[in-house]
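Subject: Structure handover

Hi,

Here is the structure we talked about. Please open it and keep it beside this email while you read.

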Amino acid sequence: MKELSLNILDIAENSVKAGAALVQILLTQRQDTLTITIADNGCGMTPEVLRSVTDPFYTTRTTRKVGLGLPLLKLAAEQTGGSVRLTSRPAGEDPENHGTEVTALFHTNHIDCPPMGDVSATLMTLIQGHPETDFLYRHERPGKPVELDTRRLREVLGSDVPLNSFEVLQWIEEYLREQYQTDQTNQENREETET
Amino acid sequence: MKSLAELAEIRERMKDKIALREGNNEIRIVVGMATCGIAAGARPVLNAFVEGVNAQGLEDHVTVTQTGCIGICQYEPVVEVFQAGKDKVTYVKMTAEKAARVISEHIKGGKVVEEYTITYAKKA
């Protein structure tokens, strides 16, 4: 994977496949670290499966449940001196509160830290392919956090217009772009006042 | 700044159109979006199909969807085109540029772009 946004897309697809109604994608950017959390309320995994999912050689084609996605994320994080943490509650054990949470920590000043890439394109792809699933995206960074909650959009759109209608997708793309841009402009303004 | 009010306008504009559109999908374009596809560049390919179909005004009878790994990872990004009464066409090693050509020549023009198909790739 060339960009972290592609790892995010890949892991979030697992959440959708696990039958999640809501997938939360949370990014926290600090001075030298970036934490990416993907949390879902899907079917979850048993402790046995959970132990094996980051091992690319454990699963076989006929029985595989996850594949190469998590090993690739783990590799990317560990290459920067970071790590991946996985927790999961299977639906069979806890019918009220089940799901999986993947947290990856990256040291952003490490030379092997991949670029973030186009995270808006990742969200567009997820929403386009899974209009019935809800996504909560929140990127905490210096300045104002960037946020998108498809549950709020759904309230406005009602049941008439699916989230993956082209006009809605265009609106979402622009909505995210503006949030990232406003933040940048503010920062530039601040820098100017400082000098 | 984009507002939720604008989204409500989109709803008003579209709700009648959507009802008409249902059950009218003659062509289905399916993009592989598993780990193998994503790593090979499927995301911009999907985007190119979604945008291209709408830019050409084909959205009333063409849908673009996603699927998982279909087992030919070495040929990713893979795109399949399904059309009632016709054989499935499998395009391999796709790019956004190739997608634009598939839309104008195949989806719009009805002529398969042979050199992007898996049959052609296997012969070469």
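Please remember that this is a predicted model. Here is what turned up.

Start with the strands of chain A. In S4 of chain A, A:Val102 is the bridge partner of A:Leu86. Look for A:Leu34, whose bridge partner in S4(A) is A:Phe106.

Next, helix H3 of chain A, residues 69-78. Which of its residues are buried? They are A:Gly69, A:Leu70, A:Pro71, A:Leu73, A:Ala76 and A:Ala77. What covers them? The cover includes helix H1 (4-17), S3 and S4 of chain A. Chain B takes part as well, with its helix H2 (35-40).

Last, a helix pair across the two chains. Two packed helices are described by the angle between their axes and the distance between the axes. Helix H4 (residues 119-129) of chain A meets helix H3 (residues 42-55) of chain B, with axes that come within 10 Å and cross at roughly 65 degrees. The crossing of H4(A) and H3(B) is left-handed. H4(A) makes the contact with A:Ala121, A:Thr122, A:Thr125 and A:Gln128, and H3(B) with B:Arg43, B:Leu46 and B:Val50. By type, the contact residues are three nonpolar, three polar and one charged.

Best wishes

Note on methods
Residues are numbered from 1 along each chain as its sequence is written. Chains are lettered from A and ligands numbered from 1 in the order in which they are written. This is a predicted model: local features need pLDDT of at least 70, side-chain atom pairs count only at pLDDT 80 or more; totals for chains, interfaces and linings use all residues. Side-chain values use heavy atoms; hydrogens and water are left out. Two strands pair if DSSP finds at least two bridges between them. Helices (H or I, at least four residues) and strands (E, at least two) are DSSP runs, numbered from the N terminus. Buried means under 20% relative accessible area, exposed over 50%, partly exposed in between (1.4 Å probe, protein chains only). Contact means heavy atoms within 4.5 Å. Axes are lines fitted to C-alpha atoms, for helices over the stretch in contact, and angles run from 0 to 180 degrees between N-to-C directions. A crossing is left-handed if the near helix is turned anticlockwise from the far one by less than a right angle, and right-handed if clockwise. Ala, Val, Leu, Ile, Met, Phe, Trp, Tyr, Cys and Pro count as nonpolar, Asp, Glu, Lys and Arg as charged, and the others, Gly among them, as polar.
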